[in-house]
Each structure stands twice: as structure tokens, then as C-alpha cells.
Amino acid sequence: MAVVDLGFVGPSRPPKDYRFLSITDGDTPDIAMPVRMVSIDTPETHYGGAPTTAQATLERTKTRLLDGTYDALPQDLRDYLVSRITADAAERHQAAGRAAAEAHTTMVANRLARSDGSQRKMAVIATGELLEDHGRLLAYTAPWFAGSTSDPLPPRDDPRRRTFNLDMVALGWAATFLIYPSIPSAKDLNLLLEDAGSAWAQQRGVWAQFGQDLLLGYEYRACIKLGAAELTDPADAIDQAYQRVCVDLRTLTETGLYGYHQIPPQHRLWIWATDLEQARKDLPISS
């Protein structure tokens, strides 16, 4: 048989392990697949280990930010991070993560409950890149309405149709985390930014309970990476911690890998450095 070479390899991801549920058709296995809710980021509940372990890592980061190890980072970013690595930064962050998880659990239980005591399904709206590096489906989630006479679909702007992503931001349990190319439509984007601005201005949710200087999820993860116990190359650690360029949505200008802290949280758009060339073609942004 002749060898066929089309000179093209389609996009793919490394294999991941999913829990098998059942076979529903000859070409349809059902699996349990986690969803990573797009456009939002909540504090972590266990990343970096237990609070005492994570705090020790954060303290190493703080020391390295102060002793010159990470002088390749701009001074204003180093000052910003140092001010947020408080003696209880890890404990507050993980406690905020647990509070966000509890709020999400309660929100889902309440909004999926029908008046007759049954539970409606969850709508999953996949978008953008579809799968992230950990094998999670990138999507918005919301209550599912069958659209039947007994379960009519509410009007477009009815609050019952709001996504859980949006409500987590609106209530202050999540920060916006818009990452190209998973960008919502202009109408949905501006609704998200408006609700995020209100949550930040009124200090709702995690900020109300755990303080305005709480490390956001992506900040906390970056600081944990910078504080790794084994540090052979500071430049490599910085590269691991900062892989996304930030764009100011107010001006549509890039602030680079290290300028995000100059922008209020609700106005940050993120682009993987590896996607920047294409993003500059697709989006009206300027460097």
C-alpha cells in the first residue's frame, strides 16, 4: 500500500486520564470530564501544598524579590508582589479558595433546583481553545432549560440565564481571567466587565472577607513558581511564572509580560506569548 503524506498534522493534545462511565453507542463512550470555567479565576484551595508549606514558598519568593535574585523583573512589579506576600498570604488565599468553592456549590444547587424538587441539567457552552493543558474543557456553564412547554427558555436577558461564570465574578468570588482566543461576544464581554468592575469597586466576596491585597489566583500561582525550593536558573523560573502578555482593555494596549499590575483586575486581557503574533492580527491591540 502506498504511503500517504498530506504534509499536515491537525491540532491535538497530550492524552489525559478521564473516568469512564458507559458506552452509549459504537462510537460514543461517556466519560467524566472536568470543565475549566473560562474568563474567570478563583483563588486556589491547595496549590503549593498546605498553607504552612505554601507560605514558606511565598516567603522564599519574597526574599528573592528583595535580594536581587529576580532583578530581571521590573522594580514596580517586585514592589507590588512584595506588598502582597504578607505573613498570612497563603492561609488567606486558600481560605478564599474554599469560600469561593462553597459559594459556587451553593449557587449551582440553588439555580439547578426546580420548583417540583427535581434538578435540572447543566448547560455547558464550550468556547475558544476548547481544551486546556490539564485536559479540562474550556466552557461557560449555566442552568439548562429544555425549551418545552413545561420548561420554557427564559428571555435572553432574564437573570435565570446568566452563566455561573458571570455570577461568580459579579458576587466577587472570582476575578476576570480573559484569555485569547476564548473571548466572549462584545455584549457578553461588556456585561462581564461591568459586573467585575462593580464587584471590585464594592469589594464583594473574597475581597470583603480576605482583604483587597489578596493575591489573585494567577498571582498566587506565579509566586509559588518563583519560590520553588530548587532554583537553578532565575531566568527560567521567571519564564515559567510569566508566560502571558497582558493587554489593557481600556486602551487596547499591551503592557507586556510584567505590566499587568498597572491595570485594574477587571480590565486585564491575557494572551499567551506564543499566541501574540496571531492575536495582533485578530484583535485591535497595539504594542
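**Cavities and pockets in the predicted model**

The second largest cavity is lined by D41, P43, W173, A174, A175, V206, W207, L214, L216 and G217. Here a cavity is a set of points on a 1 Å grid over the protein atoms alone where a 1.4 Å probe fits but cannot get out, and lining residues have an atom within 4 Å of a point. The model is predicted: local features need pLDDT of at least 70, side-chain atom pairs count only at pLDDT 80 or more, and totals for chains, interfaces and linings use all residues. Residues are numbered from 1 along each chain as its sequence is written, and side-chain values use heavy atoms, without hydrogens and water.

The volume of the second largest cavity is about 40 Å³, a volume being the space filled by probe spheres set on grid points that are joined across faces, edges and corners. Its lining comprises eight nonpolar residues, one polar and one charged; Ala, Val, Leu, Ile, Met, Phe, Trp, Tyr, Cys and Pro count as nonpolar, Asp, Glu, Lys and Arg as charged, and the others, Gly among them, as polar.

The largest cavity has a volume of about 50 Å³. Among the residues lining the largest cavity are V169, A196, P265 and Q266, and no charged residue is found in this lining.

The largest pocket holds about 1,500 Å³ of space, a pocket being an open set of points with protein on both sides within 12 Å along at least five of seven lines. Of its 48 lining residues, R36, D41, E132, R136 and R221 are the closest to the centre. The lining of the largest pocket contains 23 nonpolar, twelve polar and 13 charged residues.
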